[in-house]
Amino acid sequence: MQTQEAIKDYLLTKKSVTKLEITQFLLKNNFFITVSYLAKEFNMSENNFLLYIQELKKDVERLGIDSVAIITQQRFIKMETTADSGIDCYYRLFGLYCTESTNYIIMAALLDNQLTSVLALSRRTNYSASYLYTRMKTISSFLSLYGIAVRFSKAGKKLITGSEFQIQYCILDVYWNIFSNTSRPFQKESEETVAYILNRYFKKGMLASLNGGLMDKLYLLLKICTTNFPYTSRKEIQQVIKEHPDSLVFLDPAIDLLHADAPLSDEQRIILNVLVRLSLPKIESDQGNQKQYEILLEKKMPSLLYSKLLVEKFCESFQLTIPENKKTMHILNLLRNKLYNEYFFEKQPNTPLPSSSLYKERQSFQLIKEQIKQFYLDFRQANQHLLSKRLEKENIDWIVEDLFHLLDRYRRARPIIIGINYTRDYYVSEDLIGKIEQIYTSNHIAFKKRFMETCDIVISDCPLPNLPTQIKRIYLLNETVELDDWEMIISKIGAYIFEIRAQTLN
């Protein structure tokens, strides 16, 4: 299960979820669509759908985003946005519906470590204690996805189960998936203040690699881990760290992402170092990754040795060739996978890799997935001595996804052959080849200007009815290749390449 999916299932009303789905559909299809088509798409009557649209219009108006509007013309509907305002609107609507949702309000209050009793929770939320208890089952089901349990003693004291890593990550994951970088919690700091605070805590080399919202996410994580610390107790945190002896490596100045003089305890440093690595995709340069890899290798960190051996054996077993400058990155990615498995709950909400989600319906993928899984189970059994005791409940699917990514990316595959059958003028074919090569790497495709029956894809300006049926065709109707023709060519080539690659997974 993914985080947004879990939030919609457990914390939002069905009406709010439907309005978000309508918004998403209108944003993806940015043109006028008939009411009848939309009503069928969302399995409701036209009159009922129009009521949803009226509510959605009012909700969008409440957000005050001038560049977003839902336009209705007779029986047609369109969502009008600019390049950035569409996604901004979506996350603001998501945030609006959550902050007005009873389950979200109670869940957010439960995760506030300042509220230690059912009475304090009642005062904060304005719900009676008896009403809070009626809502606890659903909210507990949501928190259990993160390995967290909250209950109240007979005296009404809040009791929480879950490690500091799980609780702090849960707060980050839920908040970011709802609001993204459209809202900052705690208070409204200026960009200058945010930059100053981050530079006060984190090393410059790391911050230089962050952009596109990652700086906002890092700031959110820092605020959560300092405002809520300790969520459990110092003694409990020390016990968890004791159970993860490898975590002490993050206090090494060469690996620690934080300034030596940052006002943090050792426990906070370890928690932040782990959570930053497990919540941000790119925190080091290639040189920085190589340096950290060499340090961890020298320290003989078991999880790193395990990940290194796993990559080597997987490449050997599945005949993959990974360039040396990429191998370190993939070993460190698998190390992060091990840490993710070790610190978090095995049913943690998780975003599937595109390599897996795109192929999931294909029988060939299921077969190769089983082969990878069996390989990993055998490898795991043979290398138990390098595994942490906390990985007894490891989520095997996470590892299989990462390994399939390697297979999909580096497996030996013949180039896709694209035939260019342009008959009107002799000089156009070579120009088409040049333009396609600008988009698709020549390592993955090859071109022919004759023998079309031996190609995988053929681009032609005339009918080719005698070609074998399995060959994909892209026909050019106009004499001049205009922008919309070019967009069609590139889009179809991409779709056909994916389809052909999927058919040859084995």
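1. Two strands are said to pair if DSSP finds at least two bridges between them. In this predicted model, strand 1 and strand 3 (residues 76-80) are joined by 2 bridges and run antiparallel. Within this pairing, Ile33 has Ile77 of strand 3 as its bridge partner.

2. These strands belong to an open sheet of 3 strands, in the order 1-3-2, with antiparallel pairing. Which strands stand at the edges? They are strand 1 (33-34) and strand 2 (69-73); each has a single partner strand, so one side of each is left without a neighbour in the sheet.

3. Helix 4 (residues 46-63) packs on this sheet and touches strand 2 and strand 3. The direction of helix 4 makes about 145° with that of strand 2.

4. As a whole, the protein chain contains 22 helices and 9 strands. Its C-alpha atoms fill a box of roughly 85 × 65 × 45 Å along the principal axes. Of the contacts between residues at least 6 apart in sequence, 69% join residues at least 24 apart.

5. Buried residues account for 50% of the 506 residues in the protein chain. The chain exposes about 26,200 Å², of which carbon and sulfur atoms supply 50%.

6. In soluble globular proteins, nonpolar side chains tend to be buried together. Here the largest nonpolar core has 140 residues, among which Phe49, Phe142, Phe202 and Leu403 touch the most other members. Helix 9 (residues 164-179) supplies the largest share of this core, 11 residues. A second, separate core has 21 residues, including Ile459, Ile474, Ile489 and Ile490.

7. Leaving aside residues up to four places away in sequence, Phe202 touches Leu207, Leu218, Leu222, Leu257, Leu258, His259 and Val276.

Terms used: Residues numbered from 1 in each chain as written. Predicted model: local features only at pLDDT ≥ 70, side-chain atom pairs only at ≥ 80, totals over all residues. Heavy atoms only, no water. Core = buried A, V, L, I, M, F, W, Y, C linked by side-chain atoms within 4.5 Å. Buried < 20%, exposed > 50% of the residue type's maximum accessible area, 1.4 Å probe, protein only. Helix = DSSP H or I, 4+ residues; strand = E, 2+ residues; numbered from the N terminus. Contact = heavy atoms within 4.5 Å. Axes fitted to C-alpha atoms, helices over the stretch in contact; angles between N-to-C directions. Areas by Shrake-Rupley, 256 points an atom, 1.4 Å probe, with all protein chains shown as cover.
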